[in-house]
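Let's take a walk through this protein together, from the overall picture down to single residues. Have the sequence and the 3D view open as you read.

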Amino acid sequence: MTHQHQVPGEASGPGAVAVGSNHGIISTGDAATIDNRTLQLPAEAVRAPAEVPAPPGLNNLPAPRSAVFVGRDEDLARLGAAMDGGGAPTVVHGLGGMGKSTLALHYAHRHLGRCNPVWWVPAETPDGITLALADLAAHLDPYANLTATTSAEAAAWATGWLQSHEGWLLVLDNAEAPDDVAPVIGPLTTGQHLITSRRATGWHHLAQPLALRTLDPDASADLLMRIIGEPGEPDDGPDDGSDDAPALAELAAELGHLPLALTQAAAYIQHTAITPASYLARLRRYPARMFAASATDNHERTIARVWQLTLQAIAARDPLAVDILRTFAWLGPDDVPRDLAEALHDDPIAIDEALALLHAYSMITLTPRTFTVHRLVQAVARTPDPADPHRAEQTIGTARRRAVSLLVAALPGDPLFNVAGWPRWRELLPHIEALATRVAPEQDDEHTDAIWRQTSAFLQSEVRLDRAIALAERSVAACERLRGPDDPFTLASRSILGSAYRSAGDVVKAVPLLIRNRDDCERVFGAAHEETLVARGNLAYLYGVTGNLDLATELHSRNLVDCERLLGPDDPHTLSSRSNLASAYREAGDLGRAVPLHEQSAAGYERVFGPDHPETLTARSNLAFAYQLAGDLGRAIPLHEHVLTTRERVLGPAHPHTDLARELLTNARADTPR
């Protein structure tokens, strides 16, 4: 390292470097050249690093960006245990904005009395590391500056000093890659190293990883409240923030409990004197502007800017990784099936590498079967921003359509009867629900309509009727707008919606809708068409539910004859018609006709779908109930027991149909004579 010196005064001896009167370059060795004169340096100028003691309390720690530091006591304890373990260096890793540097800074400040020196090294680049170590050398021994011709030589002197002394703490902040810090910490075994990095992988040979997670909800709300209520605000009297507590909790959840986002929001709220609820409203209406908004001059420390820099680094290495991030910003944040991402590219290795890169930068958390994306990362990635080349409106629109296509292709067929596909439905359901909240109804197309329609049918089998109704209503609206009122898909969506209304007990909405649908199907398809039979069966079932048993029985009887003639005795629609007619007879008290039909129905379902299919179990449950009403408890109770045991195994103990089986068995046992 070379330094220009201009110091008025005299040298302390022949050839010595004067403090205060030299002009020129001071070079390596026990002599220096100043203004073309070679001067002899004193003996202490050429001491070995091992001979140089550290000045007391030597540190260069920056002050914390905020005095507010909450919710990290457990993380500090984990970090302390890792650092005191005497093993490898510790790397605190996590998403940008997680608070890694803040945690490391507070840890370092708390160890000023135990370690010396405590040195903060900006580690984004190798050059930054070199300069920070050269600065350490200058503070350990001013003569190290005088005897080094380059920063690299001064840094090497500092490394030699660290190798020969104990009790120091070196914090390498925001390391970009393990290879950048390996030359520094590799040979150092006498002190402590603490690393922070967005990189989650690649440290196994160098440091022990410590993942930093988001704050818990209580700590998030506390952080917001503390910053918003920092000293200096006008004091209008006692205020514990309770009036804002619900808004703070909602805002914290919206921001995904990410410390930087919380701090950014709280600073804006304090600076502009708005309420947390107002900030949340602005965030939802103007997300791009709020993600970039800063209440200070440090616009580099905003969520938008931090992640823009991260995405630039990722895009430079693998553009496919950024495409994946934008695409899955439209689905749910947790447990995204990896096979959905694999459908994006013909080369599975390319997908593996792209996912691994996102995981390495902590933009996703990767497991062998799934990955997770922080919800705020998703929010930023799907929000257009003309100032960010990675978030152009056209690019984000393409990503939305790609996400929709992936879900459409992944849906199992026949949501009502394809039981083998139900686990896949349950796996995809959180992502379908997320997509429904993130795609505006006016953006619905034929593909989203297909998702809403089929998902509503599946949700009815799961007895999740509120969501089934909401998605069916959306499907009907999309179909009528895109295809017209008489399109087969429109009629199918109306049929599903009417069934959902009926199952939820909303006969006021169900009756006119199902009547209209039956009439429209007969007009569009004719009386002898599958869709017409379905529409007629749905209406007949509704008449039975509403107590109009004569009309229900008449329609069911007609439907069963037509289904057997047109579709065959084992078609699912025929099986359903037979079961519905049996139930109508049973409700009318005609057990002489009901029991044989229920027996035929149970046998037919078992023959077509197998003994454990939910429809087979429903048919058996109906038969058991018919036996019970007929007073044949000897056959009713064992059949109820079988249905309950099988539903517990197939559907789970908490499923609504399992609960119903349990209730029916209890009632049947109560009917047993004592």
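This is a predicted model: local features need pLDDT of at least 70, side-chain atom pairs count only at pLDDT 80 or more; totals for chains, interfaces and linings use all residues.

The protein chain holds 29 helices and 12 strands. Of its 674 residues, 51% count as buried. If you look at contacts in the chain with a separation of 6 or more, 64% of them come from residues 24 or more positions apart.

Now turn to the inside. The largest nonpolar core has 104 residues, and the members that touch the most others are W307 and M363. What does M363 touch, once its neighbours within four places in sequence are left aside? Its contacts are L95, W307, T310, L311, I314, L325, L358, T372, V373, H374 and V377. A second, separate core has 31 residues, among them L170, V184, L188 and L206.

Is S362 buried or exposed? With 13% relative accessibility, S362 counts as buried, because the cut-off for buried is under 20%. V463 also has a positive phi, near 55°, and is not a glycine. You will find V463 in the loop between α19 (446–461) and α20 (465–482). Its relative accessibility is 33%, so V463 counts as partly exposed.

Another backbone feature is at N116 and P117, which are joined by a cis peptide bond with omega of about -5°. P117 belongs to the loop between α2 (100–110) and β6 (118–122). For context, most peptide bonds are trans.

Next, find a pair of helices, α3 (residues 126–140) and α5 (residues 151–163). They pack at an angle of about 65°, and their axes are 7 Å apart. That angle makes α3 roughly perpendicular to α5, because the roughly perpendicular range runs from 65 to 115 degrees. The two helices make a left-handed crossing. On the α3 side the contact includes T130, L131 and L133, while the α5 side includes W157, A158 and W161. Sorted by class, this contact has 13 nonpolar residues, three polar ones and no charged ones.

E176 and A123 are 53 residues apart along the chain, yet their C-alpha atoms are separated by 7.1 Å. Beyond its neighbours within four places in sequence, E176 is in contact with A123, E124, R198, R199, A313 and Y361.

Apart from neighbours within four places in sequence, S495 contacts L514, N517, V534 and N538. L597 has its place in α26 (residues 591–609) and is buried too, at 12% relative accessible area. Not counting residues up to four places away in sequence, L597 touches R578, L581, A582 and Y585. From C-alpha to C-alpha, L597 is 8.8 Å from L623, a residue 26 positions away in sequence.

Notes. Residues are numbered from 1 along each chain as its sequence is written. Side-chain values use heavy atoms; hydrogens and water are left out. A nonpolar core is a set of buried Ala, Val, Leu, Ile, Met, Phe, Trp, Tyr and Cys residues joined through side-chain atoms within 4.5 Å. Buried means under 20% relative accessible area, exposed over 50%, partly exposed in between (1.4 Å probe, protein chains only). Contact means heavy atoms within 4.5 Å. Axes are lines fitted to C-alpha atoms, for helices over the stretch in contact, and angles run from 0 to 180 degrees between N-to-C directions. Helices (H or I, at least four residues) and strands (E, at least two) are DSSP runs, numbered from the N terminus. Angles under 35 degrees count as roughly parallel, over 145 as roughly antiparallel, 65 to 115 as roughly perpendicular and the rest as oblique. A crossing is left-handed if the near helix is turned anticlockwise from the far one by less than a right angle, and right-handed if clockwise. Ala, Val, Leu, Ile, Met, Phe, Trp, Tyr, Cys and Pro count as nonpolar, Asp, Glu, Lys and Arg as charged, and the others, Gly among them, as polar.
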